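Please keep the sequence and the model in view while reading.

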Amino acid sequence: MSSAEHAQEKPVRIRLDLAYDGSEFHGWAAQPGLSTVEGTLREGLATLFRREVSLIVAGRTDAGVHARGQVVHLDLTAAEWSVLARGRGITPGEALVRRLTGVLNRQAGAVVVFAARQVSADFDARFSALSRTYRYRIADAPALQDPLRRADTAWHRTQLDAQAMRLEAASVSGLRDFGSFCRPRERSTTIRELQTFSIERDDDGIITARITADAFCHHMVRALIGACLDVGEARRDPGWLLSRLATPSWDQSVRLAPPAGLVLESVQYPSDEQLGLRAEATRARRENL
């Protein structure tokens, strides 16, 4: 097939569901000379398809942040998709997972693609999403600091008031301008709908924060949890998060929680019939600033 014919062929949109340990990565986004999740995945796909494959991700994670339920989409040609399973008695998606697993297991860092399937061309991993959910684990006493959970649990040097943190988190839910807790980016809104934000001390003594929003801006999750940590160790008075929201402007009074305890747990999408409408609505909101 000529390059012109290749360009005109209708692409096949593929959804990948993946997880990774972010400890050894400099975040999601590909960066020259640095090990990243996107760079590792793109290298694996280039090995399989002998070309660069562009990726769109549901949520860009920071350096050291993990994911259990990350979602990516990419476009292949119909020929590239169909040939994956030829003669194997399995679906193209199953074949892609097997082949990617073999390639990724040879790379530095831990990235696992556990599902691949063809989806509608309306599906957009980023813009079609209804919400993202993160979880943050904190061990605030030596007896809770399990070295086998060190990668996904933040070790805090002093005991925290989990009840004060719980009340602080609950106070800022809703549709708000979170500019106080987001590093600004050009032409990017800081208005978000924080659907749930809970902090509880679990039966095992670990403090767990769970946070869901329609989307998160740069550093928003770690900044909100960092602010709750400040209240939990009495560095800030109760009500500080709400008072900061009154002046939606980033400054150095907000500290970021360490990345190690943070995991992207899941991304939620609407029904297939609503994917295109959701993506259009999200793009319109972002582009009409």
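Predicted model: local features only at pLDDT ≥ 70, side-chain atom pairs only at ≥ 80, totals over all residues.

Residues are numbered from 1 along each chain as its sequence is written, and side-chain values use heavy atoms, with hydrogens and water left out.

**Annotated domain**

- An unreviewed UniProt entry lists residues 171–270 as "domain: Pseudouridine synthase I TruA alpha/beta"; UniProt positions follow the numbering used here, feature names are shortened, and annotations may be inferred rather than shown by experiment.
- Residues 171–270 are 19% helix and 29% strand, with the end C-alpha atoms 28 Å apart. Helices (H or I, at least four residues) and strands (E, at least two) are DSSP runs, numbered from the N terminus.

**Helix H6**

- Helix H6 has 13 residues and spans 18 Å from its first C-alpha to its last, close to the 18 Å expected at 1.5 Å a residue. The expected span is 1.5 Å times one less than the number of residues.
- H6 is mostly covered, with 13 of its 13 residues buried. Buried means under 20% relative accessible area, exposed over 50%, and partly exposed in between (1.4 Å probe, protein chains only).
- Ala 234 follows H6 and has a positive phi, near 65°.

**Cysteines**

- The count comes to 1 disulfide, taken as a pair of cysteine sulfur atoms within 2.5 Å.
- Cys 182 and Cys 217 form a disulfide, with their sulfur atoms 2.0 Å apart. This pair links distant parts of the chain, 35 residues apart: Cys 182 is in the loop between strands E7 (174–177) and E8 (191–201), and Cys 217 is in the loop between E9 and H6.
- Cys 182 is buried at 2% relative accessible area, and Cys 217 is buried at 10%.
- The sulfur of Cys 228 is too far for a bond, because the closest cysteine sulfur, in Cys 182, is 14 Å away. Cys 228 is buried, at 0% relative accessibility.

**Salt bridges**

- The count comes to 17 salt bridges, each a side-chain nitrogen of Lys or Arg within 4 Å of a carboxyl oxygen of Asp or Glu.
- Arg 13 and Asp 75 form a salt bridge at 2.9 Å, N to O. The pair links strand E1 (residues 12–21), which holds Arg 13, with strand E3 (residues 66–76), which holds Asp 75, 62 residues apart.
- Arg 135 and Glu 265 form another, with their closest N and O atoms 3.2 Å apart. Arg 135 lies in strand E5 (residues 131–139) and Glu 265 in strand E10 (residues 262–268), so the pair ties together parts 130 residues apart in sequence.
- Arg 135 is buried at 8% relative accessible area, whereas Glu 265 is partly exposed at 22%.
- Arg 255 forms a salt bridge with Asp 230, the closest N and O atoms being 2.5 Å apart. Arg 255 is in the loop between helix H7 (240–245) and E10, and Asp 230 is in helix H6, 25 residues apart.

**Positive phi angles**

- Most residues other than glycine have a negative phi.
- Arg 50 has a positive phi, near 60°, and lies in the loop between helix H2 (37–49) and strand E2 (56–57). Arg 50 is exposed, at 69% relative accessible area.
- His 219 has a positive phi, near 70°, and lies in the loop between strand E9 (207–213) and helix H6 (220–232). His 219 is buried, at 14%.
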